[in-house]
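This report looks at a ligand site and a domain interface. Start with the structure below.

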Amino acid sequence: MIDGKKVMLSGMQSTGIITLGNYLGALKNWVDLSDDDSIKCFYGIMDLHSITVRQDPAELRKNARTLLMLYIAAGLDPEKNCIFFQSHVPAHAELAWILNCYTYMGEMNRMTQFKDKSAKHADNINTGLFTYPVLMAADILLYQADYVPVGKDQMQHLEITRDIANRFNGIYGDVFTIPEGYVGQTGAKIMSLQDPTKKMSKSDENPNASISLLDDKDTIMRKFKKAVTDSDGFIAYSDDKPGIKNLIDIYCAVTGITVEEALNEFDGMGYGVLKEHVGEAVAGKLVPLQERFKELSQDKAYIDRIIKENAEQAAYYANKTLRKVKKKVGFII
Ligand code: AQP
């Protein structure tokens, strides 16, 4: 608890410009949540996590700053929510090391994200990629988070966080709050436009596979036009038609209507018209965010102040937990 409020932590990696998937699956829900004054929210730009995959340094710096501005442009108020760079709070790396010593190889071996990512980056299967969930556990436990909004893909990491925290508390007493998954808002899972059986990812090498939040209208329309569908020629919402299903999911998430309402609206239409409607809806939704982003990009002093103040705030709470942990394990503090 912070000032009588429950604590929530979430974040994204600064591995590229975030996509419509990251927005509809996570960021949009965070913005909705920030109206809830009973919760104190921490939103990290998880740059330490980003380097588990090789990054170009200049790009990483640029992407991290862009991500922070996109959080704000999407509607997260940085005066109310603590928005910070993970690498600005050394306690994350310190606690991760300590927790590594309370985590078993067998537990890490079971993590499916490691299996997926190591298959994708076979030339760079580093130990950071392997122990990624321990750093994520440190991120969450440092802020004594009560809630962590997670998609299905991250559920395994939350479970391991709970296991590590319970193990540590079992040895040393109540040090960590045991976090729960936040299920209040279920974010849509948005799939790749080029392979609708895979999720849309910001690090996808095919630029047509994802919509970046900073894509202009022409680009958005072109990408939807090229979206992979099927050759049936009729609109239906079914797992057998993943391309069409994904377009309908995107449309519903952006407009706030139900699948049934969308199906009524598109009744009798062809794929071309559907793609056009979805493109228009997405481009329209992103206009205010992109305008705000442009303003923020021109206000360096404001962004610098936010970065500094929020890093201090995050470090204050993180260091409180870290001191407690160090004392418990027997370090001289
Ligand atoms: N396609 C998606 N649909 C819905 N939600 C998604 N998220 C990611 N992709 C989709 C959610 O976005 C948040 C940010 O996740 P992350 O940056 O920590 O890493 P990720 O899940 O691995 O996202 P990407 O875009 O696929 O990144 P890369 O390409 O770097 O691996 C999470 O809450 C996630 O659930």
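How far from an oxygen atom of the ligand does a polar side-chain atom of Ser201 lie? The distance is 2.5 Å. The model is predicted, and the values here are computed from it.

## Ligand site

The ligand has 17 residues around it. Those that come nearest are Thr15, Ile190, Ser201, Lys202 and Ser203.

For Lys202, the distance to an oxygen atom of the ligand is 2.5 Å. For Lys117, the distance is 3.0 Å.

## Domain layout

## Domain interface

Contact between the domains involves 14 residues of domain 1 and 14 residues of domain 2. About 1,200 Å² is buried between them. Carbon and sulfur atoms give 81% of that area.

What does the rule find in the way of salt bridges across the interface? The count is 0. Polar contact is found for 2 residue pairs, both at pLDDT 80 or more.

## The domain 1 side

Two elements of domain 1 each give two or more residues to the side that touches domain 2: helix H1 (20-33) and helix H3 (57-74). H3 provides the largest share, with 6 residues. By class, this side of domain 1 has 11 nonpolar, 2 polar and 1 charged residues.

Terms used:
Residues numbered from 1 in each chain as written. Predicted model: local features only at pLDDT ≥ 70, side-chain atom pairs only at ≥ 80, totals over all residues. Heavy atoms only, no water. Contact = heavy atoms within 4.5 Å. Buried area = accessible area lost by both parts, 1.4 Å probe. Salt bridge = Lys/Arg side-chain N within 4 Å of Asp/Glu carboxyl O. Polar contact = N/O pair within 3.5 Å; in protein donor to acceptor, adjacent residues only side chain to side chain. Helix = DSSP H or I, 4+ residues; strand = E, 2+ residues; numbered from the N terminus. Nonpolar A, V, L, I, M, F, W, Y, C, P; charged D, E, K, R; others polar. Near = heavy atom within 4 Å.
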